[in-house]
Amino acid sequence: MAAFLFGLLFLAMQSPQIPSRAVADEGPPSFPTAPPSAANDTGATGHPDGTLRQLPKIIIIGVRKGGTRALIEMLSLHSAVAAAENEVHFFDWESHFQKGLAWYLSQMPYAFPDQLTVEKTPAYFTSGKVPKRIHQMSPDIKLLLILRDPTERVLSDYTQVFYNRLQKHKHYQPIESVLVKDGEINLGYKALNRSLYYVHMQNWLRYFPSQSIHVVDGDALIRDPFPEMKRVERFLNLEPQINASNFYFNKTKGFYCLRDHGRERCLHDSKGRPHPHMAPAILQKLYQFFHEPNKRFFELVGRTFSWN
């Protein structure tokens, strides 16, 4: 039944057939015209100390509740990386996209010319219009995608919404009521769609070759961040710099924190919250539902992950 339900959802969301390689340039970028700015023709704005605002060479495209904040904080340990402080939502929010590339550039940090600028917006991965827009801006950009076990990601997604509503004294629905409808997995639940990685990945591969997208194992990053970050360094062709001493396990928080030049810092307390209790039978339904889409995703990216 789980496979049948996935088939229905997949057909409804089916993207056009993926070509054997990423599509060629589809014409000049269709970015809105923005007001004049201090940007020069290299896509950078200058600062008296020699630093520049530069368009990103790296974008962390997702996924929501996959570990994007941890990834960008860990990547910021490298001296050759300059990270945007906030989620920009340029390519997925029309109100931002209509402001043009000059506005997008203004959201980037000042960086030295030899540094690589990175921004992260987790919603990019599941937005159908984003891959084409990023490709039009920079077809050679490096993309980082961090994923967790789809079932765990759904539970984390629900947990974030649950605590947000709880803090605002708003009504919330028990997890069983949003996950299950008429005894079956609720295909209308948005958090479920975000965990159908295969459906979204095929859209990205219409515009970018697989060599331009590095998938970070979010579950492995939680267990032992150092090996995963070494893989990220190699993908980005960065000089090896991040080392094991940059990470230490915080027993109170229950996850790894960062150590950088004698300073220690951890992610916000909102990270790593315990998931609500769920009946084993419903949990098993989720595992069964994701079995087939996980298999298709593994085939698409040419590797497997330790997901239930």
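**Entry 1: ground rules**

I am working on a predicted model, so I ask for pLDDT of at least 70 for local features and 80 or more for side-chain atom pairs, while totals for chains, interfaces and linings use all residues. Residues are numbered from 1 along each chain as its sequence is written, and side-chain values rest on heavy atoms, with hydrogens and water left out.

**Entry 2: Phe91**

I started with Phe91 and skipped its neighbours within four places in sequence. Its contacts are Phe31, Ile59, Phe97, Tyr104, Glu119, Tyr124, Lys129, Val130, Arg133, Ile134 and Met137.

Next I looked up the cores. I take a nonpolar core as a set of buried Ala, Val, Leu, Ile, Met, Phe, Trp, Tyr and Cys residues joined through side-chain atoms within 4.5 Å. For burial I use relative accessible area: under 20% is buried, over 50% is exposed, and partly exposed lies in between (1.4 Å probe, protein chains only).

Which residues of the largest nonpolar core touch the most other members? They are Ile59, Phe91, Tyr124, Ile134 and Trp204, out of 33 residues. Two or more residues come from each of β3, α4 (100-106), α5 (130-137), β7 (142-147), α9 (197-204), β10 and α12 (280-301). Helix α9 gives the most, with four residues. Apart from this core I found another, of 27 residues, including Met74, Ile146, Leu236 and Phe255.

**Entry 3: the sheet**

I count two strands as paired if DSSP finds at least two bridges between them. In what order do the five strands of the open sheet run? I read β4-β6-β3-β7-β10, with parallel pairing. The twist from one strand to the next averages 25°, with axes as lines fitted to C-alpha atoms (for helices, over the stretch in contact) and angles from 0 to 180 degrees between N-to-C directions.

Then I went through the pairs:

- β3 (residues 58-62) and β6 (residues 116-120) are parallel, with three bridges; Ile59 has Glu119 in β6 as its bridge partner.
- β3 and β7 are parallel, with four bridges; Ile58 has Lys142 in β7 as its bridge partner.
- β7 and β10 are parallel, with five bridges; Leu145 stands opposite Val215 in β10.

I also checked burial in β7: five of its six residues are buried, so the strand is largely enclosed by the rest of the structure.

Why is α5 largely enclosed by the rest of the structure? Because seven of its eight residues are buried. I list them as Val130, Pro131, Arg133, Ile134, His135, Gln136 and Met137. They pack against β3, α3 (94-97), α4, β7 and α9. Among them, Val130, Arg133, Ile134 and Met137 are also on my contact list for Phe91.

For α2 (residues 68-75), six of the eight residues are buried, so this helix too is largely enclosed by the rest of the structure. The six are Thr68, Ala70, Leu71, Ile72, Met74 and Leu75. I had already met Met74 in the core of 27 residues.

**Entry 4: the cysteines**

My rule for a disulfide is a pair of cysteine sulfur atoms within 2.5 Å. By that rule I count one. Cys257 and Cys266 form it, with the sulfur atoms 1.8 Å apart. The link is right-handed, at 105° about the S-S bond.

**Entry 5: Glu176**

Glu176 is in helix α7 (residues 175-179) and is partly exposed, at 30% relative accessibility. Neighbours within four places aside, I find it in contact with His277, Met278, Ala279 and Ile282. Glu176 and Ile282 are 106 residues apart along the chain, yet their C-alpha atoms are separated by 7.5 Å.

**Entry 6: whole-chain numbers**

The protein chain has twelve helices and 13 strands, and 48% of its 308 residues count as buried. Of the contacts between residues at least 6 apart in sequence, 75% join residues at least 24 apart. The accessible surface is about 15,600 Å², 52% of it from carbon and sulfur atoms; the areas come from the Shrake-Rupley method with a 1.4 Å probe, and for residues only the protein chains shown count as cover.

Notes:
Contact = heavy atoms within 4.5 Å.
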